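The following questions and answers examine a single protein chain. Please consult the sequence and the structure while reading.

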Amino acid sequence: MTALAGNKARILVSGVDLSCVTSTLNIEQNTGEYDASTRCSNVVEYRPGMSQGGISIDGYFHGVEAGEEEALYNALNSNTKIVAGILDYTALPCTAYVIENASNLGLTHTSPTDGLITMNGSFKGREGMRRGKVLYYKLNKTSTGQATAIQNVGVTTASTGRIFVFLTDWTGTRSGNITLDVQTSANGTSGWSTEASFTFGSKDAKAAALTSPAGPYFNVNVTNLGGTTGITFTIIVVID
C-alpha cells in the first residue's frame, strides 16, 4: 500500500478535483491467495490468485450547502465514475493509477466542530486498477489548436491501451459542446494521427481505446471551446 501526503499527489473523481480537500491518498494493490494444500503437503501451500486494486482518501473541508460537500456527494454517488490517483503532477509525464467504472465503497463524514467536515472514502472498479502516465495535468487551453507534444517512452505502433480525459474546469459561459482530439505521431512534429475524439457537455471524465498509435509522441488538439474562454483538463494514457 502506498500512502501519499503532501502537495504533489492529486486525486480526480471524474470532473471533480478533490485534491484540495484530501489530506491523504492511499493506492492499494493486493493479490489473493488460495489454499492448495494436499494430504501429502508438509506445510500449508498457497497459490496466487487474482489481483485487485483500490484508491482511498481521507480529508476535510469547510462549508456544506452548495459547497464542496455537495460536489463530493454528487461525484461519489455513482458506480460509473473514473477515479485517478496521481503521484507527482510536477514531474510530467508522471505515474497515475486509474479506476474505470469506479464504485464508492464507503463514505464517512464526521463533524468535529461547526463548519469543518472530515471524510473517509474508498473506490474500487469492475475492471480493477490500471497504471498509466499523466501526459497533461490541468492544462489550460484558451484557444483551439494543438498543445505541446509529449513523449510517452515505450509506446510503439503495436501498443494498445486506454486514453482518459478529465475535464475539470472552464472559464466563461459554455454555450455548446467542448470537443478535443488526442493524437499521436512518430516524431512529435508531423504526421499526427487522431486516436480518439472526446465531446463534453459538462465537467466529467471520459475514456476511449488506444489502438495502433502512430508513435510515442502524444498531443491534444482542442477543436471547440464550446463558447467558453478557456478549458482545463488532464490526460492520462494507460498502456496494456
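Q: Which side chain of opposite charge is nearest to the buried arginine 10, and how far away is it?
A: Arginine 10 is buried, where buried means under 20% relative accessible area, exposed means over 50%, and partly exposed lies in between (1.4 Å probe, protein chains only). Lys and Arg count as positive and Asp and Glu as negative, while His and the chain ends are not counted. A salt bridge requires a side-chain nitrogen of Lys or Arg within 4 Å of a carboxyl oxygen of Asp or Glu. Arginine 10 has no salt bridge, and the nearest side chain of opposite charge is aspartate 17, at 5.2 Å.

Q: On what basis are such values given?
A: This is a predicted model, in which local features need pLDDT of at least 70 and side-chain atom pairs count only at pLDDT 80 or more, whereas totals for chains, interfaces and linings use all residues. Residues are numbered from 1 along each chain as its sequence is written, and side-chain values use heavy atoms, with hydrogens and water left out.

Q: Which side chain joins that of arginine 10 in a polar contact of 3.2 Å?
A: Arginine 10 belongs to strand S2 (residues 10-13); strands (E, at least two residues) and helices (H or I, at least four) are DSSP runs, numbered from the N terminus. A contact means heavy atoms within 4.5 Å, and arginine 10 touches several residues, including Ser19, Leu25 and Tyr89, not counting residues up to four places away in sequence. A polar contact is a pair of N or O atoms within 3.5 Å; within protein, one must be able to donate a hydrogen and the other to accept it, and residues adjacent in sequence count only if both atoms are side-chain atoms. The partner of arginine 10 at 3.2 Å is tyrosine 137.

Q: How far apart in sequence are the parts tied together by the pair of tyrosine 89 and tyrosine 137?
A: Rings of Phe, Tyr and Trp (its six-membered ring) pair if their centres lie within 6.5 Å; planes under 30 degrees apart count as stacked, over 60 as edge-to-face and the rest as tilted. The pair of tyrosine 89 and tyrosine 137 is tilted, with 4.7 Å centre to centre and 40° between the planes. Tyrosine 89 is partly exposed at 25% relative accessible area, whereas tyrosine 137 is buried at 13%. Because tyrosine 89 lies in the loop between strand S6 (81-86) and strand S7 (94-113) and tyrosine 137 in strand S9 (residues 129-141), the parts tied together are separated in sequence by 48 residues.

Q: Is the peptide bond from leucine 92 to proline 93 cis or trans?
A: Most peptide bonds are trans. Proline 93 is placed in the loop between S6 and S7. The bond from leucine 92 to proline 93 has omega near -5° and is cis.

Q: What is the phi of serine 14, which is not a glycine?
A: Most residues other than glycine have a negative phi. Serine 14 lies in the loop between S2 and strand S3 (16-17) and is buried, with a relative accessible area of 3%. Its phi is positive, at about 55°.

Q: How far apart in space are valine 237 and alanine 208?
A: Valine 237 lies in strand S17 (residues 230-239) and is buried at 1% relative accessibility. Valine 237 and alanine 208 are 29 residues apart in sequence. In space, C-alpha to C-alpha, their separation is 9.8 Å.
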